[in-house]
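Me: I have just opened this structure and would like to learn how to read it. Could you walk me through some of its features?

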Amino acid sequence: MLHSVGIVGTGSYTPEKVLTNADLEKMVDTNDEWIVNRTGIRERHIADDKTPVSELCYQAAVKALEDAKVAAEEIELVIVATVTPDFAFPATAALVADRLGAKNAAAFDLSAACTGFIYGVTTAAQFVATGVYRTVLVIGAETLSKILNWEDRSTCVLFGDGAGAAVIQPVEEGYGFKSYELGADGSGGHLLAMLGGGSRNPATPETLQKKMHTLSMAGSEVFKFAVRIMGETALNVIEKAGLQKNDIDLFIPHQANSRIIDASVRRLGIDSGKVFVNLDRYGNMSGASIPVALDEAARGGRLKYGDNLLMVGFGAGLTWGGTVLKWSKR
Ligand code: ACO
């Protein structure tokens, strides 16, 4: 017997330090007008040198557990979706579980870049639906600022740091997750990557000199992929949930670029008033973007009991994913 599964608590955290477009004007050859017109981003939060991603995870998780009224000991699995873990190993999820006092939890990291949170909740929901676990904590978190080439104006203006967390548990029958879709196409892996530091290109003075330990991106290819895949994935999960476009009450897309969101929303034909956008204040936080937006939407009263919520992500891999859920929190 499969249980209905949903999100019973959310939390988010972004570092205090804010980097505005005006600040970036002093660092690279760019300007506020270009950044706002091409991306919609006005400012982003940046972790300081001493703050690893596990700290952001911990802060977001504490808030999500409080919101869900769940004790750390109840957590049976922690999933951290990130491409900027504290270390290659041990897993950031294990460090976060320890810090939280989640003594009864298994823990692993998940690498799906900006789609990480969607991959994470989809994975978590299967464990809960089948009764293997009752409580799973999913965190999407990034400190992309630490892997950016701050001399490359075409990428450094786009990203920010943050973390969002969600507690996944059984919910009232008929509520919670209604559909999922996950996808990957590694033939586009080179379009958005950090090529140094792994087993293909271990760290050497040469990889450092070639800036292979920073993010590289073919922006316009990713842009075209994003617009196509956002629309397709959204339509697929709406249909799999047995719903029509008009049934969606809130759409939380991955927050990469306002032009990608606008183009996808136009293609989809969803009322723009139902689309949640906060990228102007945070930039693209990769795996953290959707859960931070979800937490803001939930706490800001944008989600009511019974609302149909659509979330769609895309990112490096290339990966994509979407889900529809009937909001079960009162
Ligand atoms: N300030 C001023 N000028 C700039 C800047 C900047 N920050 N960056 C680039 N330019 C210049 C370029 O050099 C170029 O100049 P040129 O014509 O003289 O060569 C011009 O602006 C146009 O550059 P394009 O790259 O063609 O600009 P475009 O309109 O494609 O916008 C952008 C670039 C914003 C990166 C866009 O392609 C995009 O958003 N792509 C998708 C990115 C994305 O979503 N990535 C995240 C995926 S999620 C993940 O997994 C991390």
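This is a predicted model: local features need pLDDT of at least 70, side-chain atom pairs count only at pLDDT 80 or more; totals for chains, interfaces and linings use all residues.

Me: Which residue does Lys 329 meet in a salt bridge?

Reply: Side chains of opposite charge can pair when their charged atoms come close. Here, Lys 329 and Asp 67 form a salt bridge at 2.8 Å, N to O (a side-chain nitrogen of Lys or Arg within 4 Å of a carboxyl oxygen of Asp or Glu). Lys 329 is in the segment after β13 (319–326) and Asp 67 in helix α3 (residues 53–68), so the pair ties together parts 262 residues apart in sequence. Helices (H or I, at least four residues) and strands (E, at least two) are DSSP runs, numbered from the N terminus. Lys 329 is itself partly exposed, at 23%.

Me: How many salt bridges does the count come to?

Reply: Ten salt bridges. Among them is the one between Arg 153 and Asp 29, at 3.6 Å, N to O. Arg 153 belongs to helix α6 (residues 153–156), while Asp 29 sits in the loop between α1 (21–25) and α2 (32–39), so this pair joins parts 124 residues apart in sequence. Asp 29 is exposed, with 60% relative accessibility.

Me: What separates Glu 232 and Arg 228 in helix α8?

Reply: About one helical turn, as the two are four residues apart in α8. Glu 232 is partly exposed at 38%, and Arg 228 is partly exposed at 40%.

Me: And what should I look for in α8 as a whole?

Reply: Start with its span. Helix α8 (residues 219–240) has 22 residues and reaches 31 Å from its first C-alpha to its last, close to the expected 32 Å (1.5 Å times one less than the number of residues). Then look at burial: the buried residues of α8 include Val 222, Phe 225, Ile 229 and Met 230. After α8 comes Gly 242, with a positive phi near 75 degrees.

Me: How many aromatic pairs does the count come to?

Reply: Five. Rings of Phe, Tyr and Trp (its six-membered ring) pair if their centres lie within 6.5 Å; planes under 30 degrees apart are stacked, over 60 edge-to-face, and the rest tilted. The rings of Phe 127 and Tyr 133, with centres 5.1 Å apart and planes at 40 degrees, are therefore tilted. Ring pairs also link Phe 225, Phe 314 and Trp 320 into a cluster.

Me: Where does Arg 99 lie?

Reply: Over the face of Tyr 58, 3.8 Å from the ring centre (the rule asks for NZ of Lys or CZ of Arg within 6 Å of the ring centre and within 35 degrees of the ring normal). Likewise, Arg 330 lies over the face of Tyr 305, at 3.9 Å from the ring centre.

Me: Into which domains is the protein divided?

Reply: Domain 1 (5–175) and domain 2 (177–326), with bounds from an automatic or database domain assignment. Their centres, taken over C-alpha atoms, are 14 Å apart. The contact (heavy atoms within 4.5 Å) takes 51 residues from domain 1 and 48 residues from domain 2.

Terms used: Residues are numbered from 1 along each chain as its sequence is written. Side-chain values use heavy atoms; hydrogens and water are left out. Buried means under 20% relative accessible area, exposed over 50%, partly exposed in between (1.4 Å probe, protein chains only).
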